[in-house]
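Colleague: Please take a close look at one part of this model, the pocket, and then go on to the helix packing. Keep it brisk.

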Amino acid sequence: MKKKSAKKRIAPTRPDKENPEWTREDFRRARPAVEVFTELMGREAAEAFVYKKRGRPPKPQTKKLVSMRLDSEVIDAFRARGAGWQTQINDVLREWVETH
């Protein structure tokens with residue numbers, strides 16, 4: 001008995017009559033989206049539409065990635081406190097900086 005493969009074979013798609021493949025002439029006539037939208041909605045609206053910022057907004061105070069070596073006893077003690085142990089180390093160091 002032959003085993004059936006887990007993947008289904010996808011039949012090749014037929015050309016879409018409403019959206020045919022671009023020709024060299026189509027590519028030659030193409031313009032950037034911001035240029036086309038500027039004609040339709042104005043420069044400021046077009047740029048806001050095309051150049052949207054992605055991702056979450058930046059935090060006012062950013063942290064820096066630092067690689068440092070700590071005693072294993074120190075790391076074990078903070079890890080034993082549970083989730084957020086790295087933030088707790090940051091809080092302890094910040095408190096030390098403020099008092100010294």
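Modeller: A pocket here is an open set of grid points where a 1.4 Å probe fits, with protein on both sides within 12 Å along at least five of seven lines. The model is predicted. Its largest pocket holds about 550 Å³ of space. The lining comprises 16 residues, and those closest to the pocket centre are Lys63, Lys64, Val66, Gln86 and Asn90. By class, the lining splits into seven nonpolar, six polar and three charged residues.

Now the helices. Two packed helices are described by the angle between their axes and the distance between the axes. Take α4 and α5. Helix α4 covers residues 72–80, and helix α5 covers residues 85–99. Their axes lie 8 Å apart, at an angle of about 115°. Angles from 65 to 115 degrees count as roughly perpendicular, so α4 and α5 are roughly perpendicular to each other. Their crossing is right-handed. Which residues meet in this packing? From α4 come Ile75, Phe78 and Arg79. From α5 come Trp85, Gln88, Ile89 and Val92. This contact has five nonpolar residues, one polar and one charged.

Next, α2 and α3. Helix α2 runs over residues 33–41, and helix α3 over residues 43–50. The two axes come within 7 Å and cross at roughly 140°. Over 145 degrees would count as roughly antiparallel, and α2 and α3 are therefore oblique to each other. This crossing, too, is right-handed. On the α2 side the contact is made by Ala33, Val34, Phe37, Thr38 and Met41. On the α3 side it is made by Arg43, Ala45, Ala46, Glu47, Phe49 and Val50. Eight of these residues are nonpolar, one is polar and two are charged.

To recap: the largest pocket has about 550 Å³ of space, α4 and α5 pack at about 115°, and α2 and α3 cross at roughly 140°.

Note on methods: Residues numbered from 1 in each chain as written. Predicted model: local features only at pLDDT ≥ 70, side-chain atom pairs only at ≥ 80, totals over all residues. Heavy atoms only, no water. 1 Å grid on protein atoms, 1.4 Å probe; cavity = no way out; pocket = protein on both sides within 12 Å on 5 of 7 lines; lining within 4 Å. Points joined across faces, edges and corners; volume = space filled by probe spheres on them. Nonpolar A, V, L, I, M, F, W, Y, C, P; charged D, E, K, R; others polar. Axes fitted to C-alpha atoms, helices over the stretch in contact; angles between N-to-C directions. Helix = DSSP H or I, 4+ residues; strand = E, 2+ residues; numbered from the N terminus. Parallel < 35°, antiparallel > 145°, perpendicular 65-115°, else oblique. Left-handed = near helix turned anticlockwise from the far one by under 90°. Contact = heavy atoms within 4.5 Å.
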